[in-house]
Every structure is written in C-alpha cells, then in structure tokens.
Amino acid sequence: MKFIDEFRDGEKAKPLIEEIHRLADRPIRLMEVCGTHTVSIARYGIRKILPETIDLVSGPGCPVCVTSNRDLDKAISLAQVPEAVILTFGDMVRVPGSFSTLAAERAKGRDVRVVYSPLDGLNMAEKEEKHPFIFLGVGFETTAPTVAATIQEAQKRNVKNFFVFSAHKTVPGALKTLLTSGELKLDGFLLPGHVSAITGSYPFAFLPRDFGLAAVISGFEPIDILQSILLLIRQVKNHQPRIEIQYRRGVQPQGNPRALEIMGQVFEPVDAEWRGLGRIPQSGLALRTEFSAMDAARVFDLPLPESKDPEGCRCGEVLRGILRPPECALFAKVCNPQNPIGPCMVSFEGSCAAAFKYET
Amino acid sequence: MKRNPEPNSTDDRILLAHGSGGEMSQDLIASIFMKAFRNPILDRLDDMAVLEMGGKRWAFTTDSYVVTPIFFPGGDIGKLAICGTVNDLSMSGARPLFLSAGFILEEGFPFRDLETIVASMQKTAEQAGVQIVTGDTKVVNRGGADRIFINTAGIGLIPEGVNISGANARAGDKVLISGSIGDHGIAILSSREGLEFSTSLTSDCAPLNDLVARMLEVSQDIHCLRDPTRGGLSSTLNELARQSQVAIWIEETRIPVKEEVRGACELLGLDPFILANEGKLIATVGPESAEKILKVMRIHPLGKGAAIIGEVREEPKAKVILRTSIGSTRIVDMLVGEPLPRIC
C-alpha cells in the first residue's frame, strides 16, 4: 500500500497548486460525480487551497443519496419479511425513508447486518438456510458486477434463501439528464475513477462531443484530484475538450470487459427513479428474468403506503449541483449527521455529510 | 444539537450508535445519565472519578466489555477488561491498585473458554501490578447475552502534585501520542465473521500504567491524558477540546498510522482517526516539557512510536483542526453513527 503515500505527498502537491493558481485567471466550474471524490475534496481541504476562480460542485455521485424514497421504503420494508435477514452496506443503515430506517427496524428486533461484500452475505445465507437473506443492492457500475457475480455464484451453489433487491444505477444517463436540463452552467467533469475502471471511458464520450465539456477520469487521493483539476483547466483554457484519464493505475479506456460481461448476464437496463433527477430512461439495473427467483422485488412484493419526501429537505437540488449544502435552510440546524433529514447528510459519501464533517 | 421535532421512530429506542463512543454516546450521557445522577464529581466527565479520602486522592472507574469476537489477534475480552480499566485509572495519573471483576455468562458457554479468559485476566493483572480483589458471576438464559460480558471496576492512588484532567489543556501545550493509531479497530474487524481478511496486525491492547508512571517521573507538567478507545483519535481530541474550551491543531503527516491499517482503511472505506485503540494514550503537556516527555516515552516498549502530533491553541474553541498532507486545513469531527460496533 506504499503507493498511496505518493499521492498524499505535500511536496508533490505544491507545484500542482502553484500551476493551478497561475492558470486559473477566469471562473471555471467543475463538477465531481463520485461520492469518494466529494469526501476526498472535503477531507484534504482541497477547495480551500484552490483559487477563488475554480468552483467545485458536487453532482449525483452518492448511490445511497440518489436512491428515491420509493426504493428506500421498499428496501426498508423488506426487514419485515418474516425471519428475514437484511444484508446491507453500512451507510444505508441510517438513511431515512418515508416512515422508518433500517437502524430503527433493527432496534425493533429485525435482523439487519452490515456486510462489506455481497459474497460474505451469500456465505451467511448458506450457513443459516432457514432464514431468507436479502441483500440490498445499492450502487453504481462499481458495485453491480460484484453483486452480479454473487448472484451467479448463488445459482451455482444452489443457495435458495439468497435474494437481491436491486436499486443499482448507471452514471452516464444521469449526467446527460443533468446537462440537458440546462439549469447548471459547467465547464467540465471530474469523472469517477472506480466507475470508469468498470465501464471504461467510452460511455462518457458524449460529454466533450455533445456538450463541449472538459472531462478527466480521476483517482481519489489529493494529488490525483489536483492533477485532474489542472488537466481540466488546461482543456478548458485551450478549448480542447476531450476525455483524459488521469487515474491510469486504475482505468483502461475499454474498461473491464469481464466485469461488464457478468453485469450484462445478470442485469438488464430499466428506467429508474433518481432523487432530484426524476425518471431517467435505462439508467437502472434490474435482475434478468432468468434470475427472478432471487429478485427480492418480485418474491417479496409488500404493500406500501405512498412515499413522501421529508419536508424542507433539498437533497434533490444538492444532487443536481444547483444548491450547496450550507445553502439549505435545514443544514446544520435541524439536519446533521446525528439526526439526518435527507440521505445526503447520512451517507459517508453524501455532500451534506462531507460539508458538515469537514467544512463547517 | 437540536433534536428533530418529528422523530422518525428512531428516537424512542437505543440504537447501536449510542454505544459507539461518539456524538450519540455523548448525547445519551447528557440527556439520561447526567440528568439523573448529577453531582460535582461526575460533572467533570473524565474517564474516572477523583475522590478525596483520608487526605489522599483516589481514582475510581468502571467499564464493561462486550467485544466480539471474544478472542482476537493480540488479545481477548479478559485482557481487554483489565487493560481498559487500568488505563482509565492511569489517565488521571493514578497508580492502579485494586480491581473488581463481574461476569455475565450465557448458558452453554464453554468452561475451557472461560478458563482461558480468566487466565489471561490474571496474567494481564500481574503485568499491570494490580490485584482482582472482589467479583461477581451471573448466568443468563441462552440468548440473554452473547456468550460472555465482563465488567471491571478499579481504584488507584493519585500521586501528590499530579493534576491531570480533560479540562486542563491550555494554549501552547504540545499534543503527544504514544504510537500508531487504529491497530485495535482493524485487528477486531479482520477477525469478524463475514469480514475475515488476512492481516498481520494485532490489537495494541496493553496496560499503560507503567508508561504513565515513567512520564510522570520526568515531568509533572502533563495536563491531559486520555486513551483514544471507542471513537478513536477524533472523538478523544474533540472531548479534550470541548472540556478544556480550547482548539487542538494537529498535523496529518505527523500522526503515526501503520501501513496495514492504512491499507485496510482504504479497502473498507474507514477513517483511521475514528478507529479504536486499546494501548495508546494522548497527552497534552507544557511546551517546555514536551521533548523530555517524548524522549522517555520512546524508551518505553509501549511508547516506541510516540510522536508530537500538534498543539493546543486558543481558537477556534472546542474544535479540532487538521493540517492536511497537502497543506490545507479542515475540521476533525467527533464520530457520528456506528462504523464498528462492539469493539471493546
């Protein structure tokens, strides 16, 4: 893990910061669309060392945050399936749906377990075969292949008590929707390194081509981000928008063909509801019919009251990049990580949580 | 912080996060325990009470241990139960003397495991120079507890002239840490069901009383001592900043983090600053004494990796500020939520 230090080195940062200051002689607005970038930018205080002309805004890059309340309600209600064990990544536990949270369900005695990998969940299901194990699949192209591989593995091992609730989403469609709306003026994108490691750079080609925007696929360490910002500024200033890969140690232009193949075998694109962005065609991933026996959405179809969004919560606008977290009237007043009103304040990757934790 | 006027049904029950040692634990203590038990000794909110009896000052503390798994790389629940209480006493500068031990056992718990745990407790007690002088055992129905819970309480004598409290940090103090952070948190995680990953890392679980005694031998200019257990470095520094109404400024590049811990954090998306430690201490000391104290810490086996990580300033009050590796600054907040339950 020595290689990480190289990208956190203060000495390496200095010339990059100087060069950015030298070049940034006019306002440039860049959006990052990955929660991990949002966190890194806040955690290393990157905004503070940039010139005022460089405006970094966060986009719809936190999978938990963009999940609609309807999907959250469905996921949380699965905890009420008799004998069920809910398997989830940690940051879903405290996200408020319309009526409850997984943490509250657990306090009432439901079995909610945090896992780091769906495969761990499958192993648990195999050991405790009397319980239905339901994995909550929330994530982008980064998570989907692992979940797909686990579903294939469950089928191979003939595990009958393992189910997946898929609220997976794909990123490029969301960016297109965001740009088509025209409500936000941008110069370029800091593109997600992990997502691109799977998809490659091709799905983002429309950004420079159709919208004339600069685009750099970036790593997650502070030096990565500074380098990427510098590349973006150069693209903007030279009027040469294109896709550059800064995160070369992680991303191939063609992506990861094997992961894409597995993903395609298990999931099919469907229309999906995004918080703040509405319904986006073909931007969700549902289990293909061959796997419907494992599809929690089909197997456990629970009746649900109408979902409602929390009053006054402006997570939708935050996710579209048109509202900064501190500009929301609830921010740090009634909404904080301890008592979150909206998902952007809960998830580790949420812009509001990052702003609250590191920047207030 | 203001509570949501319309609780979404999470507010009327205890959540795991209330036990995480972070913001929610603080809230629980303030809203329930402090309200009921209020008295001048408790109000100090240190890890131990300081009692004046017979012309001497005594440190008194208690702690319960519910860690899972009960055996982990570098220790077990028994060793932890002794170290934890010995360390809480030591953080007042006290010499720990006597401990109690209470056991809550689940029906069906193997004798052999109990013997192993008790032997480990005795060995650690000998190492720390304390005696277990009273105890209690309860057995509950299967399912009424998770195998074994241990409570220990302890009492120790505070040497004359020593005055250490979380409220004593002053502007100008240097902030010292006795070694690398996060070892315990990652060692526990690595051995948990569903998360097994291989690491050569072991818990840092150790009694710190001897290290504290050596530090006090060279200087009594030690203002605060605290062991960054649950909630990690972040929560402990925030507690000190709040109690003393000062700012604590630390430097990212000076904070020792082992590569294995850093790697695991990278993998699991965790922040080493919030990971638990069970054999580390943080001290704020007068600036003139800092080098002297650091030197004696580094000679001690439990302080080999000691470092000065920052300093205490006047402003901004009750906040912890980190100078990041790339030269910017940011707030270090107290842990919120429950990334790793039942680590101690």
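**Cover of H4(B).** I started with what covers the buried residues of H4(B), and the cover includes strand E3 (71–72) and helix H7 (259–268) of chain B. The model is a predicted one. I then checked helix H4 itself, residues 183–190 of chain B, and found it mostly covered. Of its 8 residues, 8 are buried. I noted the names: B:Asp183, B:His184, B:Gly185, B:Ile186, B:Ala187, B:Ile188, B:Leu189 and B:Ser190. I took buried to mean that 20 or more other C-beta atoms lie within 10 Å of the residue's own.

**Domains of chain B.** Next I looked up how chain B is divided. Domain 1 runs over 46–158 and domain 2 over 174–332. I read 23 Å between the C-alpha centres of domain 1 and domain 2 of chain B.

**Chain A against chain B.** I turned to the contact between the chains. It puts 38 residues of chain A in contact with 33 residues of chain B. Which elements of chain A each supply at least two residues of the side that touches chain B? I listed helices H1 (2–6), H2 (10–23), H3 (35–43), H4 (46–49), H7 (102–107), H8 (118–127) and H17 (351–359) of chain A. By class, I have this side of chain A down as 19 nonpolar, 9 polar and 10 charged residues.

**A sheet in chain A.** Last, I traced an open sheet of 3 strands in chain A. The order is E7-E12-E11, and the pairing is antiparallel. Why is one side of E7 and of E11 in chain A left without a neighbour in the sheet? Strand E7 (168–169) and strand E11 (267–274) of chain A stand at the edges, and each has a single partner strand, so one side of each has no neighbour there.

I followed one pairing further. E7(A) pairs with strand E12 (residues 278–287) of chain A over 2 bridges, in the antiparallel sense. I looked up the partner of A:His168 and found A:Leu285 as its bridge partner in E12(A). As a reminder to myself, strands of a sheet pair through backbone hydrogen bonds.

Key
Residues are numbered from 1 along each chain as its sequence is written. Chains are lettered from A and ligands numbered from 1 in the order in which they are written. This is a predicted model: local features need pLDDT of at least 70, side-chain atom pairs count only at pLDDT 80 or more; totals for chains, interfaces and linings use all residues. Two strands pair if DSSP finds at least two bridges between them. Helices (H or I, at least four residues) and strands (E, at least two) are DSSP runs, numbered from the N terminus. Domain bounds come from an automatic or database domain assignment. Two residues are in contact if their C-beta atoms, placed from the backbone, lie within 7 Å. Ala, Val, Leu, Ile, Met, Phe, Trp, Tyr, Cys and Pro count as nonpolar, Asp, Glu, Lys and Arg as charged, and the others, Gly among them, as polar. A residue is buried if 20 or more other C-beta atoms lie within 10 Å of its own, exposed if 12 or fewer, and partly exposed in between; C-beta atoms are placed from the backbone.
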